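This briefing is meant to be read alongside the sequence and the coordinates. It moves from the assembly to the single chain and then to a few individual residues.

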There are 2 protein chains.
Amino acid sequence: MSARVTAKVYVGTSLDGFIARPDGDIGWLVCFADAEAVAAYKEFSAGVDVIVIGRGTFEKVLEFDEWPYDKPVYLMSSTLKAAPIGYEDKVTVICLKPADLLSHLDSAGFKSAYIDGGKLIQSFLAEDLIDELTVAKVPVLIGKGIPLFGSLDIDIEFAHKETRVSSNGIVRSYYKRSAGRA
Amino acid sequence: MSARVTAKVYVGTSLDGFIARPDGDIGWLVCFADAEAVAAYKEFSAGVDVIVIGRGTFEKVLEFDEWPYDKPVYLMSSTLKAAPIGYEDKVTVICLKPADLLSHLDSAGFKSAYIDGGKLIQSFLAEDLIDELTVAKVPVLIGKGIPLFGSLDIDIEFAHKETRVSSNGIVRSYYKRSAGRA
C-alpha cells in the first residue's frame, strides 16, 4: 500500500465498548465531556484536515445545537444524492468504498482524515484501513447498545502509543496500526 | 447491603473486548504475558483469599500444564455434584446464586474473592455484585469471540482508580464500584 491520507478514529465508549445506547442516546457519555475531554478532542481535531461521517452520524449531528465540525466534511451515503437543503456548504455527499474514499481524499490533497461514526468505523476497520485509533473509555457499564467494534476476518494489531487518564475517570488510549502494514 | 466479602475481577481482553476466540483460544492473549503482566497478576492474586470459577474456566484450566491457583477454589456448577477425581483437594463444587455464594464465602471467613471466568463474571455483574474490576487490554482486535461483558438491566458506574501501561502495550485499568452502593 502506498503512502496515503492517514485515517484516524477518535471515539468515546462505555467500559463495555458501546458508543451509544440502542436508541442512539449518548447522554451517559456526554456527561463526561469536561474541560479536559474538550481539550483532548481539540488537540486531536487540530491534527486532521477532513472529516468523514456516515448517514447515522449526520442525522445525530443535526440534533446538536450547532454544527460541530470546522473542517470539510464528506458524508458517505448510498441513499442521499446531494446535501440536504441548508447543508450544501457544510457537507459533500459521496458514495465510495472505504479504500476508494481514501484515494479520493488523497487526490484532493488531504493528509489526515477523521473517520467518525460507528458503522463507518467498522467498515474501515473491516478492510484494515484505520491508521490511528483513539478510544476514550468512560467508567460506566451501560449493558447494551451500539458497539464500537464489529466482526473482522483477521486480527488487527495496534501499537499502543499513549494513555492519558482524566480526573473524571476517562481512560484515553492512543494506538497506531502496527508496523508490518506499509 | 451489609459489609461482605469483596468480589474482584481481574481479566485480560482484546481491544475489542473479547476474553477468548469463539473456540476458547487465548493464545493471542497469552503471548502478552510477559514479566510485567505476571508481576501485576501476582500483586492482584496476593490480595484475594479465595477463587471462584465456573465450569468453562475449570475445563480450560485442566488444559494447563499445572494447576494455576494457590488459594481455595470454589467451582460453581449446577451439573457437577462433586469434584472430579484427582481434584478433590483442589476444588469445592458448589451451586449457589451469586449473592448467596458471597454470603457463603463471608460465613466461611473469606475476605476477598477472585471471580474468574466469562459467564461467572457476567452473572455477578448482572446483579451488580462486583466491587473491583481490573481489565488488562491488549492492543489487538480479534474481531469475534467470547465477550467479557454481557447485557445489564441498569447502568453500573465505577470509579477509575489507576491505569498502568506495560511496555508491550497492555493498558491495565483498575476500577472500584462507585459510592452509592453501600
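The points below are grouped by topic and concern a predicted model.

**Relation between the chains**

**Overall build of chain A**
- The secondary structure of chain A consists of 5 helices and 11 strands; with a radius of gyration of 16 Å, close to the 16 Å that the globule rule gives for 182 residues, the chain is as compact as a globular protein of that length.
- Taken along the principal axes, the C-alpha atoms of chain A fill a box of roughly 45 × 40 × 30 Å.
- Among contacts in chain A between residues at least 6 apart in sequence, 68% join residues that are at least 24 apart.

**Burial, surface and charge in chain A**
- Of the 182 residues of chain A, 52% count as buried, while the accessible surface of the chain comes to about 8600 Å², with 54% of that area belonging to carbon and sulfur atoms.
- Chain A carries 20 positive and 25 negative side chains, and the centres of these two sets lie 2 Å apart.

**Surroundings of B:Pro98**
- B:Pro98 is found in helix H4 of chain B, which covers residues 98-107, and at 7% relative accessibility B:Pro98 counts as buried, the cut-off being under 20%.
- Leaving aside residues up to four places away in sequence, B:Pro98 touches B:Ser123, B:Phe124, B:Glu127 and B:Leu129.
- B:Pro98 and B:Leu125 are 27 residues apart in sequence, yet their C-alpha atoms are 9.4 Å apart in space.

- Most residues other than glycine have a negative phi.
- A:Asp128, by contrast, has a positive phi, near 55°; A:Asp128 sits in the loop between helix H5 (118-126) and strand E7 (132-137) of chain A, and is buried, with a relative accessible area of 12%.
- In chain B, phi of B:Asp128 is likewise positive and near 55°; B:Asp128 lies in the loop between helix H5 (118-126) and strand E7 (132-137) of that chain, and at 12% relative accessibility B:Asp128 counts as buried.

Conventions:
Residues are numbered from 1 along each chain as its sequence is written. Chains are lettered from A and ligands numbered from 1 in the order in which they are written. This is a predicted model: local features need pLDDT of at least 70, side-chain atom pairs count only at pLDDT 80 or more; totals for chains, interfaces and linings use all residues. Side-chain values use heavy atoms; hydrogens and water are left out. Helices (H or I, at least four residues) and strands (E, at least two) are DSSP runs, numbered from the N terminus. The radius of gyration is taken over C-alpha atoms; the globule rule is 2.2 Å times the number of residues to the power 0.38. Buried means under 20% relative accessible area, exposed over 50%, partly exposed in between (1.4 Å probe, protein chains only). Contact means heavy atoms within 4.5 Å. Accessible areas come from the Shrake-Rupley method with a 1.4 Å probe; for residues, only the protein chains shown count as cover. Lys and Arg count as positive and Asp and Glu as negative; His and the chain ends are not counted. The place of a charge is taken as NZ of Lys, CZ of Arg, CG of Asp or CD of Glu.
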